[in-house]
Amino acid sequence: MKELKVCIVGLGYVGLPLCLEFAKKYHTVGYDINSKRVHELNNNIDRTLESDPDLLEKSTAEFTTELSVVKECNFYIVTVPTPIDSNRQPDLYPLISASEMISKVLKPNDYVVYESTVYPGATEEVCVPILEKKSGLKFNKDFFVGYSPERINPGDKERSVTSILKVTSGSTKESAIFIDKVYKEIIHAGTHLAPTIKVAEAAKVIENTQRDVNIALINELYIIFSHLGIDTKAVLDAAGTKWNFIKLNPGLVGGHCISVDPYYLMHKSMSVGYVPDIIRVSRQINDGMPKYVAQNIIKELIRIKAFRSDLRIGILGFAFKPNCPDFRNTKVYDLYIELLSYGIEVEIHDTLVESDGVSEEYGITLIPFNELANFDVYIKAVEHEVFSSEEYVQLTKDRNCFSIF
């Protein structure tokens, strides 16, 4: 295997753990356009909490915002976000921008591997033309491309990047084998070499689409049983005694994957003339849950004669999942906006997430614990373990307190 110099483009939840692992084997540079993020990593601070400070301190990885530092690299891995826009269409700007950046330093015999979730065909239809045009090099002659979808689960300390089986692929048979060998150097769980890049892209996007559809079914059952006056949890506990029943719970489906990836697949499907009804309706159900939950809470407050115009509600939790600081595409925000529409005061508290980031992205100021007293109603929107501690139990004692499911 030739001497590798690896560059990880994008140092978020996916890129940083990958960067630290590759640095154990190869000369590795972590590149990000966010100067604040790079500065913090160089000072052994990781706000995502995915990597411990001692791991950062011991790592030989170099973190930079300077293109000149990465120009000697020959194996580029792109781990930038692939969000959706306000119209729920794929926003490929970060991916395009990363491709343009790499094209400026791309050399003969270099490899570019994409890990960002995309629709089938995006790597070769969108990214490769940029790499060719900007670099002046010929695809599959001068440089090679691969796709190896990320499977990081934010906040999951048991399933680290090295313990999750990795799907790999390459633009030629030889490049696919080489890319697979490179990943095998760090992935202890092993790899699965897909026959084509499109297969690998499709495999990734359906992983989260399948989960989204399954959760949508459970959410719809929750709505049905609520109308029937039946305890959904009791129903699921009973049904779950059958060996092949898929055990899921109703919930708010947010985050950077499950609530986003289906839109990428829908976009591609509709571009070839097929409307994917099950996927589309599942997204509608899950996107509609914050409104349904807010309406139910207000109805219950009216029923118990606790609703009034000067009502003050404190929401506990803003992250998109329990015990994790990640608030990307959190549906707690949608719940918050829906409750505000009733003309009442609503505040949010979450000790795990970065308050400055929330303020910058959502325009919301999270309140600290010492300002959380004396609300009329508390809504536990996220099941962080800390909310079960004695101080929070005492805080909500003798007040109306709701868990959203």
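Which strands does helix α12 (residues 289–303) lie across? Helix α12 lies across β11 and β12, and runs at about 150° to β12. The model is predicted, so local features need pLDDT of at least 70 and side-chain atom pairs count only at pLDDT 80 or more, while totals for chains, interfaces and linings use all residues. Residues are numbered from 1 along each chain as its sequence is written, and side-chain values use heavy atoms, with hydrogens and water left out.

Helices (H or I, at least four residues) and strands (E, at least two) are DSSP runs, numbered from the N terminus. Angles run from 0 to 180 degrees between N-to-C directions, with axes fitted to C-alpha atoms, for helices over the stretch in contact.

An open sheet is formed by 4 strands in the order β10-β9-β11-β12, with parallel pairing; two strands pair if DSSP finds at least two bridges between them. The twist averages 20° from one strand to the next. Strands β9 and β11 pair over 4 bridges, and G314 stands opposite Y378 in β11.

| β10 (edge) | 345–349 |
| β12 (edge) | 400–403 |

The largest nonpolar core has 41 residues, and I102, V112, Y114 and V145 have the most contacts inside it. Such a core is a set of buried Ala, Val, Leu, Ile, Met, Phe, Trp, Tyr and Cys residues joined through side-chain atoms within 4.5 Å, where buried means under 20% relative accessible area (1.4 Å probe, protein chains only). Helix α6 (residues 122–135) gives the largest share of this core, 5 residues. Apart from it lies another core of 34 residues, among them Y292 and F402.

Technical notes
Buried means under 20% relative accessible area, exposed over 50%, partly exposed in between (1.4 Å probe, protein chains only). Contact means heavy atoms within 4.5 Å.
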